[in-house]
Amino acid sequence: MARAALAAAVDAPGYPLTVGTPEVRQAVVDWLAGTHGVTGLGLDQVLPLIGSKEFIASVPTYLGLGPGDLIGYPALAYPTYEVGAALVGARAVATDALTSFGPETPKLLWVNSPSNPSGRVLPKEHLKKVVDWCRERGVLLVSDECYLDCVWEGEALSVLHPEICGGSSEGILVVHSLSKRSNLAGYRCAFVAGDRDVIAELLAVRKNMGLMMPAPQQHAMAAVLGDEAHVEEQHERYRARRTTLRAALEAAGYTIEHSEASLYLWTTKGPDGPDCWQLVADLAAQGILVAPGAFYGAAGSHHVRIALTATDERIAAAAERLTRA
C-alpha cells in the first residue's frame with residue numbers, strides 16, 4: 001500500500017508546502033479521532049515532520065529556547081531529548097518526579113508513554129496530573145507517542161485524549177511516527193499535533209528552514225493512516241516474537257520489567273546482578289546483540305534493551321541459544 005501510494009505521487013517536481021497537503025493533515029485528524037479518541041483538532045493544528053527525530057532534536061531551537069532555560073525529560077529516555085537541550089545550551093533534567101524541579105519551572109517538559117526504552121505505559125491519572133501541572137505553570141508539554149500503537153498489555157492513551165486533557169489541546173503537543181506503526185522508517189513520515197498557537201509558531205520557523213516533507217511521502221502517509229489492517233498484521237507478528245523471546249529470556253534467568261508496550265524487552269538480572277555492560281557481554285557471547293541500559297540514563301545501569309525487530313528466524317535462533325545456555 002505505502003509503495004503504491006508513493007509511486008502514484010512520484011511526479012512531484014515542485015516544492016511541497018511545509019504545512020503539508022490538506023489530505024495528509026485530514027488523515028492525521030481522522031486517525032487520531034478514530035483510533036485514539038482525540039477529538040476537536042483542526043487542520044491548522046497538524047504539521048507533517050521529516051521523521052520524528054529531527055523534530056525532537058530541534059524543537060527547543062524552533063521555540064527559541066537557550067541558556068538559562070530548563071527542559072525536563074524522563075529519567076529513562078531516548079537520548080535525543082537531552083541532545084535537543086544541549087544544542088541550544090539549555091539545562092536538561094532527567095526525572096520522573098515533578099517535585100524534582102523545586103521552585104524552578106521548565107519551559108518544556110517531555111513525556112514518553114509508551115516509553116523507549118522500557119516499554120512502560122503511564123496511567124491515565126498520572127498523565128492528567130502532568131497536564132494539569134504544566135498548565136498551572138505555563139509549561140509546554142510535548143508527548144512523544146511514537147509507540148502508541150505498539151501495546152501488548154493494558155491500554156495506552158494519548159495526552160490529547162479528552163479524559164486526560166479535558167478536550168483542550170492548550171499547552172500540549174503530541175509527536176507520532178509511522179516508523180513503528182507502519183514499518184516506514186525509511187520514508188521519514190511523522191507529524192506533530194496540538195496547541196494551535198504553538199503549531200503556528202513552529203510552521204513559521206520551519207518554513208524558513210525549508211523543512212518540507214516530500215509530496216510522495218505525504219501521499220503515502222495519508223494512505224497508510226487510513227488503513228488498520230496492515231497495523232494489525234504487523235502487531236501480531238511482533239506479538240509472536242515477543243512471546244518467544246520473553247519466554248526464553250525468563251527461562252535463562254533474566255527478568256523482564258515493564259515492557260507492556262513498544263518494540264523492546266527491558267531486561268535485567270536485578271539491581272544486585274550484573275551491570276548492563278556485563279549483560280551486553282554475556283548476551284554477545286551467545287550471538288545476541290542488545291543495547292546497554294546506560295545509554296538511556298543512569299536508571300538503566302543494570303538493564304539492557306532487547307529489540308523485537310529482528311526477523312522471525314533471528315528471534316527463534318536467539319531463543320534457541322538462550323535455551324541451550
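Two strands pair if DSSP finds at least two bridges between them. Strands (E, at least two residues) and helices (H or I, at least four) are DSSP runs, numbered from the N terminus. Keep both in mind for this tour.

This is a predicted model: local features need pLDDT of at least 70, side-chain atom pairs count only at pLDDT 80 or more, and totals for chains, interfaces and linings use all residues. Residues are numbered from 1 along each chain as its sequence is written, and side-chain values use heavy atoms, with hydrogens and water left out.

**Stop 1: the sheet**

Select E8, E9, E11 and E10. These four strands form an open sheet in that order, with antiparallel pairing. E8 and E10 are the edge strands, each pairing on one side only.

Start with E8 (residues 255–257). It pairs with E9 over three bridges. Glu257 has Trp266 as its bridge partner in E9. Six residues lie between the two strands of this hairpin, and His258 in the turn has a positive phi of about 50°.

Next, colour E9 and E11. They pair in the antiparallel sense over five bridges. Find Thr267; Val304 in E11 stands opposite.

Now move to E10. E10 and E11 are joined by two bridges, again antiparallel. Here Ala291 has Arg305 of E11 as its bridge partner.

**Stop 2: inside E9**

Is E9 enclosed or open to the outside? Five of its five residues are buried, so the strand is largely enclosed by the rest of the structure. Buried means under 20% relative accessible area; exposed is over 50%, and partly exposed is in between (1.4 Å probe, protein chains only). Show the side chains: Tyr264, Trp266 and Thr268 are on one side, Leu265 and Thr267 on the other.

**Stop 3: helix H11**

Select residues 276–284. Cys276, Leu279, Val280 and Leu283 are buried in this helix. They cover an arc of only 105° around the axis, which puts them on the same side of H11. That arc is taken from the directions from the helix axis to the C-beta atoms. An α-helix has 3.6 residues a turn, so residues three or four places apart point the same way.

What covers these buried residues? The cover includes strands E9, E10 and E11 and helix H12 (312–324).

Zoom in on the start of H11. A side-chain oxygen of Asp275 comes within 3.1 Å of the backbone nitrogen of Trp277.

**Stop 4: Ser143**

Jump to strand E5 (residues 140–144), where Ser143 sits. At 2% relative accessibility, Ser143 counts as buried. Leaving aside neighbours within four places in sequence, Ser143 is in contact (heavy atoms within 4.5 Å) with Val111, Val159, Leu173, Val174 and Val175.

**Stop 5: empty space**

Rolling a probe the size of a water molecule over the atoms shows where empty space is left. On a 1 Å grid over the protein atoms alone, a pocket is an open set of points with protein on both sides within 12 Å along at least five of seven lines; lining residues have an atom within 4 Å of a point. Grid points are joined across faces, edges and corners, and a volume is the space filled by probe spheres set on the points.

The largest pocket has a volume of about 380 Å³. Of its 22 lining residues, select the closest to the centre: Pro74, Thr95, Asp96, Arg120 and Leu122. Strand E4 (108–112) gives the most to this lining, with four residues.

Notes: A polar contact is a pair of N or O atoms within 3.5 Å; within protein, one must be able to donate a hydrogen and the other to accept it, and residues adjacent in sequence count only if both atoms are side-chain atoms. On a 1 Å grid over the protein atoms alone, a cavity is a set of points where a 1.4 Å probe fits but cannot get out, and a pocket is an open set with protein on both sides within 12 Å along at least five of seven lines; lining residues have an atom within 4 Å of a point.
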